Amino acid sequence: MMSSDQYSSSSVNKIELPNRLHLSFENFTHHPCEGFSISPPPLVDPKRTGPRSCPVCYVSVDQAFALMPLQPSPSPVLKNLNYVFEDSVTAFFSNQSSVFGGHSSLEQRNKSFDINESMTVHCGFVRGKKPGQGSGFDINDDDLLEMEQCRELVVASAIFGNYDMIQHPRNASEFSKANACFYMFVDEETEAYVKNYSSLYRNNKVGLWRLVVVRNLPYEDPRRTGKIPKLLLHRLFPNVRFSVWIDAKLQLVVDPYLLLERFLWRKNATFAISRHYKRFDVFEEAEANKAAGKYDNASIDYQIGFYRKEGLTHYSPAKFPITSDVPEGCVIIREHIPITNLFTCLWFNEVDRFTSRDQISFSTVRDKIKAKVGWMPQMFLDCERRNFVVQAYHRELLEQMIASGWNPPPMASEQSSRKLRPGSRKSPPSKKPSVKRKREKRSSSRRRLPKPVTGTTGAIM
């Protein structure tokens with residue numbers, strides 16, 4: 001059996017919005033950002049270590065709205081994408097994927113990369129009436145109805161395990177507030193905390209975010225559960241044209257329509273993601289994940305070994321126009337058309353089958369699709385990403401820092417300005433984070449005032 005998102009390149013969600021200007025790039029004598037060049041900051045800066053943002057040229061919100069394509073972008077080869085649906089899923093020990101993912105076999109996985117005009121693939125939610133109903137990752141019917149009403153743009157994020165704090169978008173225009181949907185997926189633990197400790201909570205909303213409580217989570221690992229809304233937004237919002245995914249650790253500080261214009265429409269792209277600021281090679285990324293304890297080493301080694309047998313090689317400039325094999329996957333900007341939906345479905349299937357570290361599986365899925373139809377995601381500089389999102393502390397670390405005497409800055413989100421509930425996720429480790437302090441100067445190095453010099457009259461010279 002199969003279910004479809006009922007979306008193809010020939011069908012458009014036609015919405016009549018007020019004051020729509022039917023303009024295109026041809027209507028501008030010069031694009032407002034023509035001639036602007038990006039100057040990425042140096043990776044090595046003795047005065048400021050670590051990655052930084054670089055200037056990005058945006059148009060106005062009115063111009064971005066006017067430049068929105070009236071028709072969906074063409075989807076190469078693939079026109080109709082359907083999804084596997086099964087009343088019951090039987091686990092096979094030879095198949096590594098989960099019940100939520102359908103326990104697809106290795107043969108089914110390999111066949112899903114054979115791209116045709118019409119395809120049926122595994123893409124999560126294999127059970128239940130529809131995504132969010134009896135499928136695992138279950139959502140209230142009222143919320144599902146509201147999600148189906150979202151048409152043009154959805155900005156989405158998620159918090160599971162009460163790990164992060166809600167970051168409120170800044171600089172969103174009144175147009176975006178009226179026309180874009182802002183959704184935050186949470187589990188029951190996170191919802192309970194928000195209700196009790198957020199003064200902004202009103203009728204399932206916190207600021208711009210509409211909170212959607214997810215029950216019957218398909219994974220014990222919150223990070224793997226978070227990949228469901230991150231990669232399968234097209235299944236949760238079947239009528240949306242565009243989406244912007246923001247990891248919960250980030251605060252959006254630029255209007256979302258400006259991101260669509262800058263990273264999709266201006267580049268004639270349908271999927272945009274930033275590349276890692278430092279690592280370009282999947283093998284290096286895997287070793288970094290092992291060193292940081294992001295996942296057990298044996299599972300990472302198995303995944304890398306599997307990809308190596310399939311032909312994965314180290315990154316080199318010979319792969320150009322591919323600029324990197326490692327994304328910084330905390331932000332995804334995309335148009336929902338069959339080819340991008342397929343890409344995120346197959347990317348999710350790798351996360352479901354192997355480790356939850358999606359940076360490791362990104363290039364394998366990209367290269368297999370590119371080899372078949374020539375399509376691939378647009379990758380932009382990480383310093384550009386840092387221009388429109390700001391990194392925040394996750395809750396556990398913030399609690400430790402406050403316990404150490406650190407006070408949140410005035411620009412912190414609404415929750416961080418109040419006393420946090422200790423142990424909201426788990427008891428903090430006994431070791432407190434180190435706090436960098438200014439080195440006290442020795443008394444001998446202190447600046448001394450010059451001794452007064454007296455002349456014959458006794459006056460100070």
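A charge counts as sitting over a ring if NZ of Lys or CZ of Arg is within 6 Å of the ring centre and within 35 degrees of the ring normal. In this predicted model, the charged end of Arg 224 sits over the ring of Tyr 219, 5.7 Å from its centre. Arg 262 is likewise placed over the face of Phe 263, at 4.9 Å from the ring centre.

The model is a prediction in which local features need pLDDT of at least 70 and side-chain atom pairs count only at pLDDT 80 or more, while totals for chains, interfaces and linings use all residues. Residues are numbered from 1 along each chain as its sequence is written, and side-chain values use heavy atoms, with hydrogens and water left out.

**Overall make-up**

The chain has 14 helices and 15 strands; helices (H or I, at least four residues) and strands (E, at least two) are DSSP runs, numbered from the N terminus. Of its 461 residues, 51% count as buried, where buried means under 20% relative accessible area, exposed over 50%, and partly exposed in between (1.4 Å probe, protein chains only). The accessible surface comes to about 23400 Å², and 51% of this belongs to carbon and sulfur atoms; areas come from the Shrake-Rupley method with a 1.4 Å probe, and for residues only the protein chains shown count as cover. Among contacts (heavy atoms within 4.5 Å) with a separation of 6 or more, 82% are between residues 24 or more positions apart.

**Aromatic pairs**

The structure holds 27 aromatic pairs. Rings of Phe, Tyr and Trp (its six-membered ring) pair if their centres lie within 6.5 Å; planes under 30 degrees apart count as stacked, over 60 as edge-to-face and the rest as tilted. Tyr 183 and Phe 237 have ring centres 5.0 Å apart and planes at 65°, so this pair is edge-to-face. Tyr 183 belongs to strand 6 (residues 181-186) and Phe 237 to the loop between helix 7 (233-236) and strand 10 (242-246), so the pair ties together parts that are 54 residues apart in sequence. Both Tyr 183 and Phe 237 are buried.

Phe 271 and Phe 343 form another edge-to-face pair, at 5.1 Å centre to centre and 80° between the planes. Since Phe 271 lies in strand 12 (residues 271-275) and Phe 343 in helix 11 (residues 338-353), this pair ties together parts that are 72 residues apart in sequence. Phe 271 and Phe 343 are both buried.

Ring pairs also link residues into a cluster, whose members include Phe 100, Phe 125, Tyr 183, Tyr 219 and Phe 237.

**Salt bridges**

There are 20 salt bridges (a side-chain nitrogen of Lys or Arg within 4 Å of a carboxyl oxygen of Asp or Glu) in the structure.

Arg 210 lies in strand 9 (residues 209-215) and Asp 143 in helix 3 (residues 141-149), so their pair ties together parts that are 67 residues apart in sequence. Arg 210 and Asp 143 are both buried.

Lys 290 and Glu 287 are three residues apart in helix 9 (residues 282-291), so about one helical turn separates them. Lys 290 is buried at 19% relative accessible area, whereas Glu 287 is partly exposed at 45%.

Arg 385 and Asp 382 are also three residues apart, in helix 13 (residues 382-388). Arg 385 is buried, with a relative accessible area of 3%, and Asp 382 is buried with 4%. Elsewhere, salt bridges that share partners join Arg 109, Glu 310, Glu 350 and Lys 368 into one network.
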